[in-house]
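This report covers an annotated residue, the nonpolar cores and a strand pairing. The structure is shown first.

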Amino acid sequence: METVEELKKRIANLEKQLAESLQTKNVSSRGKISAMSAEVVDSNPYSRLMALKRMGIVDNYERIREFSVAVVGVGGVGSVTAEMLTRCGIGKLILFDYDKVELANMNRLFYQPHQAGMSKVEAAERTLREINPDVEFEVYNYNITTVDNFQHFMDRIRNGGIGGAKPVDLVLSCVDNFEARMAINTCAPPLVVATNTDEKTLKREGVCAASLPTTMGVVAGFLVQNVLKYLLGFGDVSYYLGYNALQDFFPTMALKPNPQCDDRFCRTRQEEYQAREATRPKEEKSEVKKEEEIVHDENPWEIELVSETTAEELQAAEGDKPVLTKGVTVAYTKPASSPDGDNSATIQDNDLSIEELMKQMQSL
Amino acid sequence: MVDEATKKTLAQIPLLKTKAGPRDGEQWVQRLKEEYLSLIQYVKNNKDSDNDWFRLESNKEGTRWFGKCWYIHELLKYEFDVEFDIPVTYPTTAVEIALPELDGKTAKMYRGGKICLTDHFKPLWARNVPKFGIAHAMALGLGPWLAVEIPDLIARGVITHKSSENAVKS
């Protein structure tokens with residue numbers, strides 16, 4: 001319960017906020033700009049961006065206005081990502097997040113203390129509109145993983161393009177939890193970058209989440225750099241770029257669809273692709289040199305190292321592991337699915353309906 | 001990673017077989033039946049071993065669950081509301097169990113009162129899709145969480161027993 005004193009403080013705070021917001025309205029930033037100009041004057045917000053054309057980096061920077069990007073999660077990474085895209089003059093941003101701004105977020109970038117209590121998407125939209133009124137915004141304050149919201153989320157992905165009735169150009173997953181990440185992308189298994197410190201030794205006494213503004217800034221920067229390269233067609237786009245802050249190590253690799261993907265539609269598309277690939281002429285494989293086995297000169301006791309598990313046992317326990325670049329591993333492995341031999345522990349179906357079962361549960 | 005007692009409890013909860021989420025129509029109805037059968041058995045097991053500690057029910061679609069859980073500490077019963085949604089990614093990802101009234105009272109919680117589980121839970125769940133269901137999430141997730149966090153919350157004076165609260169007032 002809040003005391004009268006606290007409530008008074010809150011009112012004073014709100015009055016101050018109101019006065020501030022009225023003031024900023026009066027000094028409204030700038031009007032909308034209908035076409036991006038390359039003119040080099042102090043008053044042109046796009047002059048430095050359009051200069052990328054003159055420097056021969058990007059062919060047609062104005063095209064950025066034709067793209068719509070969905071940012072899922074506007075926390076440490078997502079908010080900075082959205083700000084970068086806004087400053088770049090992206091056509092449209094669709095933001096999703098169910099969280100509120102808290103003072104505990106102030107160790108990261110973008111949000112400000114006076115926004116505490118506001119929904120993150122609403123606070124973000126206000127700041128971003130102020131920075132660049134040319135960008136179109138759609139914001140949704142909900143959790144995408146529930147059935148009803150997911151339906152709506154998918155509809156916005158399908159129809160959230162510029163002008164509507166066409167899909168967005170990119171979906172950026174900036175979420176902080178496994179459930180939401182899987183809702184956006186079921187295909188790629190969770191990967192971790194090796195840090196040379198055993199993650200199991202990380203102390204988790206009394207904490208669940210830790211973060212630095214630096215790491216988040218680095219990650220958002222790399223993400224948006226690749227978004228721009230992809231959308232505007234310059235440079236090479238990384239399929240995967242990992243970051244280990246302790247050693248400043250950046251593993252990269254190509255990513256392929258996961259043959260064990262849980263989504264059966266995904267596996268069907270993969271099979272179609274494989275069938276197409278199979279009809280194409282094959283490239284000749286170069287022979288792989290076998291590593292010579294090390295044999296010690298002396299071993300009078302004939303000591304050998306034998307693995308406790310055979311290769312087959314390991315395969316059954318860990319399933320097919322994707323081929324990854326050095327320094328990157330899967331967060332966990334899944335056993336290869338075995339034909340169900342022992343069904344003793346499995347549920348025995350009966351003829352009761354759901355309603356009857358619900359009643360039975362309630363009467364316990 | 002999982003203590004012997006939990007392992008034993010876990011072994012007695014019937015495993016599920018249908019891999020279906022709330023967007024899978026008839027298949028989900030089948031899964032929901034299995035969830036209920038498994039939960040009913042688990043609650044019965046708990047009662048038989050004198051360790052009855054929660055009740056759950058769902059909306060008719062089975063997408064939203066709610067109920068109560070309780071924890072006995074020094075012969076006093078502490079009861080809390082439990083709730084969670086079935087995410088669209090279920091059962092690939094587990095349910096996120098929440099105790100809303102404890103939101104903000106412990107660091108071992110995410111916003112909205114979702115309990116923060118150990119690093120072991122998610123890999124263990126992932127390795128047991130689709131065999132694990134809500135009953136397993138309760139046994140492996142909420143049960144051990146309550147056992148660690150509630151005594152700590154009581155010791156820190158963050159939660160007090162309802163009757164002693166009344167006693168102070170009167």
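## Cys116(B)

Cys116(B) has a relative accessible area of 5% in this predicted model. This value is under 20%, the limit for a buried residue, so Cys116(B) counts as buried.

In chain B, the loop that holds Cys116(B) runs between strand E5 (114-115) and helix H3 (121-127). The "active site" annotation on Cys116(B) comes from an unreviewed UniProt entry.

## Nonpolar cores

The largest nonpolar core has 51 residues. Leu56(B), Leu99(B) and Leu142(B) are the residues with the most contacts inside this core. Elements from both chains each supply at least two of its residues: helix H10 (354-362) from chain A, and from chain B helix H2 (26-48), strands E1 (54-58), E2 (64-73) and E3 (76-85), and helices H3 and H4 (134-155). H4(B) gives the largest share, 12 residues.

## The E2(B)-E3(B) hairpin

E2(B) and E3(B) run antiparallel and are joined by 10 bridges. The two strands form a hairpin, with two residues between them. His73(B) has Leu76(B) in E3(B) as its bridge partner. In the turn, Glu74(B) has a positive phi of about 50 degrees.

How values were computed
Residues numbered from 1 in each chain as written. Chains lettered and ligands numbered in written order. Predicted model: local features only at pLDDT ≥ 70, side-chain atom pairs only at ≥ 80, totals over all residues. Heavy atoms only, no water. UniProt positions renumbered as here; feature names shortened; annotations may be inferred. Helix = DSSP H or I, 4+ residues; strand = E, 2+ residues; numbered from the N terminus. Buried < 20%, exposed > 50% of the residue type's maximum accessible area, 1.4 Å probe, protein only. Core = buried A, V, L, I, M, F, W, Y, C linked by side-chain atoms within 4.5 Å. Pairing = 2+ DSSP bridges.
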